[in-house]
Amino acid sequence: MNAIFNNLPMEKQARIINAAMKEFVQSGYEKASTNKIVKEANISKGSLFNYFHSKKDLYLYLIEYGVLIIEKIYEQIDLNETDIFQRLAKLGLIKRQIQGKFPKVFDFFKSLKSEESPEVKEEMNRITHSIYDEGMKKIYQNIDYSKFRDDIDIQKAIDILKWTMFGFGEKALNQLTTFEEVSEDYIKEWESYSEILKRCFYK
């Protein structure tokens with residue numbers, strides 16, 4: 001992370017981060033204008049390139065910053081909750097709270113899914129894949145699999161659960177224009193899918 005930028009007052013950091021994320025979301029990496037970013041953030045262009053050596057440097061910083069926010073979700077996973085469905089329900093509430101506090105971060109991460117610029121794609125994938133893999137490992141850590149029916153192949157059941165979560169997430173992303181719109185309805189809808197899977201898998 002950028003030491004010079006991190007020594008700025010928090011309000012100024014937030015202003016620059018939000019302005020940059022807004023421009024990258026609207027324009028994509030290649031077409032994003034640093035002129036628009038500095039105007040929105042109310043700083044000089046010289047200041048921006050004092051904090052970040054290039055547009056790429058700024059972009060990758062935003063990804064790393066976003067990863068730190070997403071890690072806040074995984075850090076709050078209750079490993080003492082051994083019921084996978086209860087754990088996912090609690091995780092959904094935590095995720096909703098953090099999305100509410102940092103909607104621009106999640107809008108930015110949504111935009112990464114369609115970013116194809118070769119200048120940033122490889123490093124972008126490396127950074128984002130690691131946080132996803134670590135999160136998935138923690139979600140399924142210390143789960144009580146004795147609750148599953150004896151005739152169920154647990155690994156296949158977990159695969160189905162993962163695919164359902166991924167599909168639901170993709171559906172929600174496609175419906176959202178911005179994470180400022182996320183409502184409790186998404187949590188309730190997930191709970192309805194979760195309840196069906198629980199009845200199928202549990203004793």
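Which side chain meets that of Glu 81 in a salt bridge? The partner is Lys 90, at 3.3 Å from N to O. The legends below place this pair among other close-up views. This is a predicted model, in which local features need pLDDT of at least 70 and side-chain atom pairs count only at pLDDT 80 or more, while totals for chains, interfaces and linings use all residues. Residues are numbered from 1 along each chain as its sequence is written, and side-chain values use heavy atoms, with hydrogens and water left out.

**View A. Salt bridges of Lys 90 with Glu 81 and Asp 78.** A salt bridge is counted when a side-chain nitrogen of Lys or Arg lies within 4 Å of a carboxyl oxygen of Asp or Glu. By this rule there are eleven salt bridges. Glu 81 is buried, at 17% relative accessibility (buried means under 20% relative accessible area, exposed over 50%, partly exposed in between; 1.4 Å probe, protein chains only). Lys 90 is partly exposed, at 36%. Through shared partners, salt bridges join Asp 78, Glu 81 and Lys 90 into one network. In the bridge between Asp 78 and Lys 90, the closest N and O atoms are 3.6 Å apart. Asp 78 lies in the loop between H5 and helix H6 (84–101) and Lys 90 in helix H6, so this pair ties together parts that are twelve residues apart in sequence. Helices are DSSP runs (H or I, at least four residues), numbered from the N terminus. Asp 78 has a relative accessible area of 31% and is partly exposed.

**View B. The salt bridge between Lys 22 and Glu 40.** The N to O distance is 3.4 Å. Lys 22 belongs to helix H2 (residues 10–31) and Glu 40 to helix H3 (residues 34–41), so the bridge ties together parts that are 18 residues apart in sequence. Both residues are partly exposed, Lys 22 at 34% relative accessibility and Glu 40 at 46%.

**View C. The largest nonpolar core, with 63 residues.** Such a core is a set of buried Ala, Val, Leu, Ile, Met, Phe, Trp, Tyr and Cys residues joined through side-chain atoms within 4.5 Å. Phe 24, Tyr 59, Leu 62, Ile 63, Ile 84, Phe 108 and Ile 139 touch the most other members. Helix H5 (residues 55–75) supplies the largest share of this core, eleven residues.

**View D. Contacts of Ile 84.** Contact means heavy atoms within 4.5 Å. Neighbours within four places in sequence aside, Ile 84 is in contact with Ile 139, Tyr 140, Ile 143, Phe 148, Leu 161 and Tyr 202.

Definitions and conventions
Helices (H or I, at least four residues) and strands (E, at least two) are DSSP runs, numbered from the N terminus.
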